[in-house]
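Here is a brief report on the aromatic side chains of one protein model. Please look at the structure first, then read on.

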Amino acid sequence: MKNFDAVIFDLDGVITHTASLHSIAWKEMFDGFLKTHAEESGTPFREFTHEGDYLPYVDGKPRYQGVAALLASRGIDLPFGNPSNPPGQGSACALGNQKNQIFNDLIKTGGVKVFETTVNFIHELRAAGIKIGVASSSKNAKPVLEAVNLLSLMETRVDGVVSAELGLQGKPEPDIFTTACDNLGVYYDRAVIVEDAISGVQAGKKGNFGLVIGVARENNAQQLKINGADIVVADMAEINLERVQKWFAEDLEDKNWSLEYFDYAPKKEGLRETLLTVGNGYFGTRGALEETSANGTNYPGTYMAGLYNRLPSQVSGRTVYNEDFVNCPNWLPVTFRVGDGDWFDPNTTEILHITRRLDFRTGVLHRSLVVRDEAGRETRVISQRFASMDDPHLAAIRY
């Protein structure tokens, strides 16, 4: 019995090696434009780079949106223009069309190659009766798939051409994936999305699909995980039909019974500490890291039933009494330092990896943390905490 019905693949970087061709085309186009702009504006020329520009601003996005995002990052004001603009430097659309011209020239030279492991996986899925679709921001999806003889394997194709016809929003909105599922007649929670771009996994998460697989071809596994990938692999050789079946049969339920975060974001800690609270009905403790104290970012509060203050205030000539929980003594503090180094502070120390998971079935808050100090020493800390439902006065930390 199948427990999922379809797999929707991104094209560039997932099925074909065209992501590298796109990067080459983007660089050739942007470097030419940026040199001209630097000369005309009297500013230093800064070249377009794969890591600094292509991945954060262009990868996975519709072509003209990618141009606009890069220009905005450089503080360059250029008219958006119209898709009918001929290739050139007069507008964002003209630049996008110039990039597309370069890319098509690269395709014609026979530069398109496939990831054989992905193709093997597609054949395995088709043999099992799983529907296959491709969803891509590229307007070149059809000629690329034709060039590698894979178009016939796709039961639906939602690409840049279709998006323009239907007015679909680009990634990180999930429109192209939901449209692909609609075309195949499958429910979103019974579909798998396979993506290699940050914006793509964000779209997969936003669309509430059953499984989002991130393919980390850019050494960006952690970023894919943070942005919504349920499973991250370096290559599709790590995924097969059995692994996906297991996700839907077992792992998905575990995920639905937990709340997880894969990064430490100071601006979001206030909300995350609230959502990661452990409690038992008598008292509750916010999910602050054990090593923190109250500051502008962290607030390790513990609140008990019946323990509050009551203060009067004068409002519009009336006396109004406010009753508020008060913060009890903090029972969390455990911290560390290595040698004569500083005591660990998550707001000043380099965090290489952090995972936090609140298991709703057990009530246990799990944390795994890897940090690197100024001397280059790496330390792993694993902790769990809970508030007892059996004894309302008992809580515990394993550190």
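Is Phe48 buried or exposed? At 1% relative accessibility, Phe48 counts as buried. The model is a predicted one.

**Aromatic pairs**

The count of aromatic pairs comes to 9. One of them joins Phe30 and Phe48; their planes stand at 20 degrees, under the 30 degrees cut-off, so the pair is stacked. This pair links distant parts of the chain, 18 residues apart. Phe30 sits in helix 1 (residues 18-41), and Phe48 in the loop between helix 1 and helix 2 (50-58). Phe30 is buried, at 0% relative accessibility. Ring pairs also bring in Trp26, which forms a cluster with Phe30 and Phe48.

Phe177 and Phe209 form an edge-to-face pair. Phe177 belongs to helix 8 (residues 175-184), while Phe209 lies in the loop between helix 9 (198-206) and strand 5 (211-215), so the pair ties together parts 32 residues apart in sequence. Phe177 is buried at 0%. Phe209 is buried at 7%.

| Pair | Centre to centre | Angle between planes |
|---|---|---|
| Phe30 and Phe48 | 5.1 Å | 20 degrees |
| Phe177 and Phe209 | 6.2 Å | 80 degrees |

**Charges over rings**

Arg63 lies over the face of Tyr64, 5.5 Å from the ring centre. The charged end of Lys99 sits over the ring of Phe103, at 4.8 Å from its centre.

**Trp331**

Trp331 is found in the loop between strand 12 (318-325) and strand 13 (350-359). Its relative accessibility is 27%, so Trp331 counts as partly exposed. Among the residues Trp331 touches are Phe283, Thr285 and Phe386. A polar contact of 2.8 Å joins the side chains of Trp331 and Thr285. These two are 46 residues apart in sequence, with their C-alpha atoms 9.0 Å apart.

Technical notes
Residues numbered from 1 in each chain as written. Predicted model: local features only at pLDDT ≥ 70, side-chain atom pairs only at ≥ 80, totals over all residues. Heavy atoms only, no water. Helix = DSSP H or I, 4+ residues; strand = E, 2+ residues; numbered from the N terminus. Buried < 20%, exposed > 50% of the residue type's maximum accessible area, 1.4 Å probe, protein only. Contact = heavy atoms within 4.5 Å. Polar contact = N/O pair within 3.5 Å; in protein donor to acceptor, adjacent residues only side chain to side chain. Phe/Tyr/Trp six-rings, centres within 6.5 Å; stacked < 30°, edge-to-face > 60°. Lys NZ or Arg CZ within 6 Å of the ring centre and 35° of its normal. Lists of a residue's contacts leave out its neighbours within four places in sequence.
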